[in-house]
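Hi,

Here is the structure I promised to pass on. Have a look at it first, and then read my notes below.

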2 protein chains.
Amino acid sequence: MPVSLEKPIRGFPDKEFSERTTNAQTLMAANDVAGMLLMSEQDVRYFTGFHTLFWQSPTRPWFLFVPATGKPVAIIPEIGAELMRQTWIEDIRTWGAPNPEDDGISLLIDLLKPFAKEREKIGLMKGHETKLQMPLSDWERLNTSLQGLKIVDVTGIVQGLRMVKSKAEIQKLKYICAIGSAAFEAVPEFAHIGIPLEEVFREFRLSAISHGADDAPYLVGAAGQGGYSNVISPPTQRPLQHGDIMMLDTGCTWDGYFCDFDRNWSIEHATEDSKRAYDVLWRATQTGIEAAKPGNTCLDLFECIAAVLAEMDQSGGDIGRLGHGLGMQLTEQPSLASFDATELKENMVITIEPSLSYGDGLMMVHEENIVVRPDGAELLSSRAPVDLPMLI
Amino acid sequence: MPVSLEKPIRGFPDKEFSERTTNAQTLMAANDVAGMLLMSEQDVRYFTGFHTLFWQSPTRPWFLFVPATGKPVAIIPEIGAELMRQTWIEDIRTWGAPNPEDDGISLLIDLLKPFAKEREKIGLMKGHETKLQMPLSDWERLNTSLQGLKIVDVTGIVQGLRMVKSKAEIQKLKYICAIGSAAFEAVPEFAHIGIPLEEVFREFRLSAISHGADDAPYLVGAAGQGGYSNVISPPTQRPLQHGDIMMLDTGCTWDGYFCDFDRNWSIEHATEDSKRAYDVLWRATQTGIEAAKPGNTCLDLFECIAAVLAEMDQSGGDIGRLGHGLGMQLTEQPSLASFDATELKENMVITIEPSLSYGDGLMMVHEENIVVRPDGAELLSSRAPVDLPMLI
C-alpha cells in the first residue's frame, strides 16, 4: 500500500553536488577561507552523496575537505572507499580504521600542512547545533602538530546553504511527508482502547514502512488521562484507556530525508480543556503557515504563532522554539524562536511546531511540515483535522 | 509472531544505576578524578536510565556530571526534565534550549568552578571511539572561563565498565539477538529472483519489527553475481538474479540494546569460490567462538581467526578488525584487532566478524553475537548454517 505520489529517483545527479560545492566555494572566497574540514554524516553527504547507515557505528571518524576550488577530498576509513568511489569524488584517501594510534590524523596533517605553513584560514563547524565529530585528543594532536593552523568557524556558511533545499531535495521531502501522512491516517485501524502504547508504536512503524518509508527511526509519543505531560518518551506498556489523549510524533526517512510531524487523538472522550488546547494549537499552526512567506523572518513567525498561543499559554512566556528546519536531519537550522532573525527564503523547508501547557502539568503539541514558495507556504504534510479527532 | 523467548522487563531497577555509579567512582578515586563530565546518549543513559529517541535531534547538547560520591547531576535542556525526573537522578539542572548564546554553558561553569579553583581533575572522554558532543566553540569558552580546569581522559574508565554487561543487559541482548535470528530465518519467505534488493530490505525491517524489535535502525547489505564488493551500502532497486550472492547485516534494537550480525544466501546458484569463502568464514567464526573464554585476549581471538582466514585471504594481510563489543551501540569497545590486548572477561558481549576478499574484487562477511561465560562463549545469535544457504 505505497502512497500514490510518484516515487522520486534515489540519489542525485553529480551536478547537484558540483553546484553545492561551487556555492560553498563562493561563500568561502568571500570569507577568505582556504578550505573547510567537515565531519558529520549529513555535511559529508551534502557535498558528496556518500550515503550509508554505517555511520551508526561510532567507531570511526570520517572527514571531507572542501578546497577553495575543485572537488572535495575524502579522508575516510578504507571500508568506505568502494562506496565513495561511486560518488563524484575522485581524491579518496583512506586508512585502515579503526586505528587508535592514528585514526586518519596523519592523513589530515599531510593535507592541512601547506595551509598551516601559509597561515591560511581553514573552516570548521564549531558553532551552535554542531559537535566535534572526532576524539578531542586527536583534535588537540592535530593542532599541536600544525602550529599556525588558523581555524575559523564556518557553521553559518554550511548551515546557510543547507537551509535552502533544491528541487530534488524537496521532491524527497514531499514524498516522505506523504508517507508520514498516510501512516498517521492509518492509526485508527490499530489504536483503540486496551492496546498498549508500545503496540501502537510497533504498528505505526510497520505502517510507515509498508507505506514506503525506508525507516521510522524517530517515534515518540504519549497517552494519558485528559492529556500527556512529556513529548519525548519511549512507549510504555500501559493500554490505552477511555479518556486518554494520545500523541504520536514521527521522523520517518526516505533516501536520507526526514519528515517530522505529529498528530493527536482522544480515546472515546476528550475534556473541554484538551479540545480548547487543540483548537488554539490548530489556529496557531495555521497562523504560522500563513506567515511563512519569503521576506518574513523566523522571529516574525515565532511572534505571530506565540500571539495565538497567548490565548491559553500557561508557560509563563518561556515557550521555547515553535518550529525548525527539516531535511537530512530531524531538526535543522533555522529555529522559529525569539533568537533567530533568519529571513525565510524560497525553498526553505521548515516545521511549524507550537506547543501549549495547560491544566495540571499537561501539554499538547502540533506540527506540520511546509516548503516556502514565492507566494507562501506549500504544505508537505496533510493538514491535521480542525477538531481533535476521536478514536472509538 | 513474536519470538518464543520470554520478553524481558523494560528499563532497569535503580540498583543497577547506583552500582554502575559506585563502580565508576571506585575507578575515579583510584585515578584521582574528582568528577566526570559525560555527553553521549549512551554514557548518559548508562548512569541514569534516561532513554529517549529525542537525541536524534542534534540541536541540543546534554550533560551528565558523575561526582566522586553521590548521585550524578543532570544538566539538560528543559524539554528533558520531566523524563529525567522519572529516573533515579535527583539533581536536575535545566535551561531553555536551544539557546545559541548559552546552551547550558553557564550551568556547566557554575558546576565546575569549585573544581577549577581547587585544581582538581575532571574526567572527559576524549580518546578513541569518542566525540566531543558539544560545539567546539562552547568547549573553548568553558575552558577560557575556567582557567585552571584540569581535564583528564577517562575514556578507559567508562568504556572499561561498559564492556562487561550486567545480567539484565545480557537478557535484553539475548532477546534482541533472538529477534534478529527469527527475522533472518524469515528471509526465504520474501527474497527470491526478481525482487529488488530495496524490497528485501523493506520486508526484512517489517519482519524484524513484527518479531518484536523496537526498530531495525541499521540495515545494510548487497547482492551481486558471484558475490558482493562492499558491505555498507544502502539497497539498490536492482532485482535479485540467478547466481547472486546476497548479504544482509542488521542492527535491530530492543529497549535500547542492539544485535549486530549478518547472513549470506545464494540465489539459485553459488560459484565454487563463494562456497569456499563461506566455508572458510564459517570455520574462522567457529574458531573465534571457541576461543572466546575469560583470560584470552582480543588479540588472541584476532590471531586465531586470522589464521583460518589465511587459507584464502587476498587482502595482503590488512584484514582490519574481526569483531567488536556490542551493547547500547552497534559497535563498542573492545576490538578484535591486532592493536587490542584487552582481556576477555565473563559477561562481555562481542561480535565475531571475520571477512574475506576473494575473486575479482569480491568480499564476504560473517558475523555472530556471543556472551563470554566462565567456560566459554554462549551464542546469542542462532548459528549460521554450515553451508551457504540457497534461496530458490
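What follows is a short tour of the chain contact, a helix pair and a sheet.

Please keep in mind that this is a predicted model.

Let's start where the two chains meet. The contact draws 55 residues from chain B and 55 residues from chain A. On the chain B side, helix 3 (81–84), helix 5 (136–145), helix 9 (197–210) and strand 7 (215–225) each contribute at least two residues. Sorted by class, the residues of chain B that touch chain A comprise 22 nonpolar, 22 polar and 11 charged.

Next, a helix pair within chain A. Helix 7 (residues 167–185) of chain A packs against helix 8 (residues 197–210) of chain A at an angle of about 135°, and their axes are 9 Å apart. Helix 7 and helix 8 of chain A are therefore oblique to each other, and their crossing is right-handed. Which residues meet there? From helix 7 of chain A come A:Ile179, A:Gly180 and A:Ala183, and they meet A:Phe204, A:Ser207 and A:Ala208 of helix 8 of chain A. That contact has 4 nonpolar and 2 polar residues, with no charged ones.

Finally, the sheet in chain B. Here 5 strands make an open, antiparallel sheet in the order 12-11-13-16-17. Strand 12 (332–335) and strand 17 (376–379) of chain B are the edge strands, each pairing on one side only. On average, neighbouring strands of this sheet are turned by 35° against each other, direction ignored. At one end of the order, strand 16 (residues 368–373) of chain B pairs with strand 17 of chain B over 4 antiparallel bridges, and B:Arg373 stands opposite B:Gly376 in strand 17 of chain B.

Best wishes

Note on methods: Residues are numbered from 1 along each chain as its sequence is written. Chains are lettered from A and ligands numbered from 1 in the order in which they are written. This is a predicted model: local features need pLDDT of at least 70, side-chain atom pairs count only at pLDDT 80 or more; totals for chains, interfaces and linings use all residues. Two strands pair if DSSP finds at least two bridges between them. Axes are lines fitted to C-alpha atoms, for helices over the stretch in contact, and angles run from 0 to 180 degrees between N-to-C directions. Two residues are in contact if their C-beta atoms, placed from the backbone, lie within 7 Å. Ala, Val, Leu, Ile, Met, Phe, Trp, Tyr, Cys and Pro count as nonpolar, Asp, Glu, Lys and Arg as charged, and the others, Gly among them, as polar. Angles under 35 degrees count as roughly parallel, over 145 as roughly antiparallel, 65 to 115 as roughly perpendicular and the rest as oblique. A crossing is left-handed if the near helix is turned anticlockwise from the far one by less than a right angle, and right-handed if clockwise.
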